[in-house]
Amino acid sequence: MFNSNSNDPLREIKQQLYERCQAYLSQRMATAQDALQGAQDAANDETKSSAGDKYETGRAMMQIEMEKHSAQLAEAMKLKRLLDQIRVDHQPVAVQPGSLVITDQGNFFVAISVGQLVVENRTYIALSAESPLGLKLKGLKQGESFNFGNKTYKIEQVW
């Protein structure tokens, strides 16, 4: 599956991590859209079957639900735009959004905050470039070290 180029395994892993982040966002967007549609349907049913104060209270609650789900959908779409800007085939010299970072204390994919992802029996943490750890990693290069959470991490590879 992998070519003789030593970077190909990391390129493949990075591609799989990227695809899992895309799938996570697709699921998140679908869930928000379904919930928004459900709230809209409930609001429409409430309009048909209610009157008076009960109607106003129900309508206000449905509006709050719709606003909540709209905000969740907007956030997921914003994250998708950020993820869409990542070039998976690019191997940066220093850590930036889209970097796969291998350290002696763990492996990280700087993209969006998804949490733990397992690829080929290795655990990777998908995190935002704006997260505390993402900000610590930004601009660091292979061979450099940083401290985070009472641990010292040494960067073994940036891909």
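These notebook entries record what I looked up in a predicted model.

**Basis of the entries**

I number residues from 1 along each chain as its sequence is written, and I take side-chain values over heavy atoms, with hydrogens and water left out. Since the model is predicted, local features need pLDDT of at least 70 and side-chain atom pairs count only at pLDDT 80 or more, whereas totals for chains, interfaces and linings use all residues.

**Confidence**

I looked first at pLDDT, the predictor's confidence in each residue, from 0 to 100. The protein averages 90, and 89% of the residues score at least 70. Over residues 1-5 the pLDDT stays under 50. For that stretch I find eight contacts beyond four places in sequence, a contact being heavy atoms within 4.5 Å. Where pLDDT is low, the predicted coordinates should not be read in detail.

**The sheet**

I took helices (H or I, at least four residues) and strands (E, at least two) as DSSP runs, numbered from the N terminus. Two strands pair if DSSP finds at least two bridges between them. On that basis I traced an open sheet of six strands in the order 3-4-2-1-6-5, with mixed pairing. Its edges are strand 3 (115-119) and strand 5 (145-148), each of which pairs on one side only. From one strand to the next the twist averages 40°; axes here are lines fitted to C-alpha atoms, for helices over the stretch in contact, and angles run from 0 to 180 degrees between N-to-C directions.

**Strand 1 and its partners**

I then followed strand 1 (residues 100-103). It is joined to strand 2 by three bridges, and the two run antiparallel. Leu 100 stands opposite Phe 109 of strand 2. Three residues lie between these strands in a hairpin, and Gly 106 in the turn has a positive phi of about 160°. Strand 1 also pairs with strand 6 (residues 151-158), again antiparallel and over three bridges. There I find Ile 102 opposite Gln 157.

In a regular strand the side chains alternate between the two faces of the sheet. In strand 1, Leu 100 and Ile 102 point one way, Val 101 and Thr 103 the other, and all are buried. I use buried for under 20% relative accessible area, exposed for over 50% and partly exposed for in between (1.4 Å probe, protein chains only).

Strand 2 (residues 107-111) is joined to strand 4 (residues 122-128) by four bridges, in parallel. Phe 108 stands opposite Ile 125 in strand 4.

**Glu 144**

I located Glu 144 in the loop between helix 3 (132-137) and strand 5. It counts as partly exposed because its relative accessible area is 34%. A polar atom of the Glu 144 side chain lies 2.7 Å from the backbone nitrogen of Lys 141. Beyond neighbours within four places in sequence, Glu 144 contacts Gly 139, Tyr 153, Lys 154 and Ile 155. Its C-alpha is 8.1 Å from that of Glu 156, 12 residues away in sequence.

Apart from neighbours within four places in sequence, Gln 22 touches Lys 80, Leu 83 and Asp 84 by the contact criterion.

Leu 36 also lies in helix 1, but is partly exposed at 21%. Between the C-alpha atoms of Leu 36 and Met 62, 26 residues apart along the chain, I note 9.7 Å.

How values were computed:
Polar contact = N/O pair within 3.5 Å; in protein donor to acceptor, adjacent residues only side chain to side chain.
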